[in-house]
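Here is a short report on one protein model. Look through the sequence and the structure first, then read on.

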Amino acid sequence: MAHFAKLGANGKVIQVLTLDNKDMLNADGVEDESVGQQYLETHNNWPAQMWIQTSYNTKLNTHSSGDNSKAFRGNYAGIGYTWDEDDQIFWPKKPYASWVKNMSEARWQSPIGDEPELTAEQLSQNEAKTHQWGYNWNEANQSWDLTNSLA
């Protein structure tokens, strides 16, 4: 099965449809995105160029098979994602205004990087359910704040 994202204004994904692979075959019997786009235009009354193929098996620029040469367009498109035509990536909603694109992993990242690792003691306390340590992004201070949700 092939999957296609239906784009609305500003490249926003407004629907994702599944298409039988046979409906994407060109005259040589090879899967062709443009054939799928034409099929969708004919059967859904939406312009062909507003249907973009997406990979159900791709997330964070990683393919579920482990063969990342098969990773396609960064992420499987979801409703509310945005199609970045220049970089050929589907992006989820930006979580914070300051966050930047991590192109190699097709994900948003804080301007200071990922949250710090929890210590062995914090992890142990989380497992024992005496604490629930974690980090939350603080947009105002541009920092990762350590929190304990059981406190």
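A salt bridge is a side-chain nitrogen of Lys or Arg within 4 Å of a carboxyl oxygen of Asp or Glu. This is a predicted model, where local features need pLDDT of at least 70, side-chain atom pairs count only at pLDDT 80 or more, and totals for chains, interfaces and linings use all residues. Residues are numbered from 1 along each chain as its sequence is written, and side-chain values use heavy atoms, with hydrogens and water left out.

**Salt bridges**

How many salt bridges does a search of the whole structure find? The search finds five. The table lists some of them, including the pair Arg-107 and Glu-105.

| Salt bridge | Closest N to O distance |
|---|---|
| Arg-107 and Glu-105 | 2.5 Å |
| Asp-114 and Arg-107 | 2.9 Å |

Glu-105, Arg-107 and Asp-114 are linked in a network of salt bridges. Arg-107 takes part in the bridge to Glu-105 and in the bridge to Asp-114.

Buried means under 20% relative accessible area, exposed means over 50%, and partly exposed lies in between (1.4 Å probe, protein chains only). Arg-107 has a relative accessible area of 18%, so this residue is buried. Glu-105 has 34%, so it is partly exposed. Asp-114 is also partly exposed, because its relative accessibility is 44%.

Lys-22 is exposed, at 56% relative accessibility.

**Strands**

Helices (H or I, at least four residues) and strands (E, at least two) are DSSP runs, numbered from the N terminus. Two strands pair if DSSP finds at least two bridges between them. Strand β1 covers residues 2-7 and runs antiparallel to β3, with four bridges joining the two. Which residue in β3 is the bridge partner of His-3? The partner is Thr-54.

Strand β3 covers residues 51-54, and both of its faces are covered. Trp-51 and Gln-53 lie on one side, Ile-52 and Thr-54 on the other, and all are buried.

Strand β6 (residues 82-84) holds Asp-84. Is Asp-84 buried or exposed? Asp-84 is buried, because its relative accessible area is 11%. Contact means heavy atoms within 4.5 Å. Not counting residues up to four places away in sequence, Asp-84 touches Ile-89, Trp-91 and Lys-101.

**A loop residue**

Pro-111 sits in the loop between β9 (107-109) and α2 (120-128). At 41% relative accessibility, Pro-111 is partly exposed. Pro-111 and Ser-98 are 13 residues apart in sequence, yet their C-alpha atoms are 6.5 Å apart in space. Pro-111 touches Ser-98, Trp-99, Trp-137 and Gln-142, again leaving out residues up to four places away in sequence.

**The largest pocket**

Pockets are found on a 1 Å grid over the protein atoms alone: a pocket is an open set of points with protein on both sides within 12 Å along at least five of seven lines, and lining residues have an atom within 4 Å of a point. Grid points are joined across faces, edges and corners, and a volume is the space filled by probe spheres set on the points.

The largest pocket holds about 160 Å³ of space. It is lined by 13 residues, and the closest to its centre are Met-1, Gln-53, Thr-54, Ser-55 and Tyr-56. β1 and β3 are the elements that give two or more residues to this lining. By type, the lining has four nonpolar, seven polar and two charged residues. Here Ala, Val, Leu, Ile, Met, Phe, Trp, Tyr, Cys and Pro count as nonpolar, Asp, Glu, Lys and Arg as charged, and the others, Gly among them, as polar.

Key:
On a 1 Å grid over the protein atoms alone, a cavity is a set of points where a 1.4 Å probe fits but cannot get out, and a pocket is an open set with protein on both sides within 12 Å along at least five of seven lines; lining residues have an atom within 4 Å of a point.
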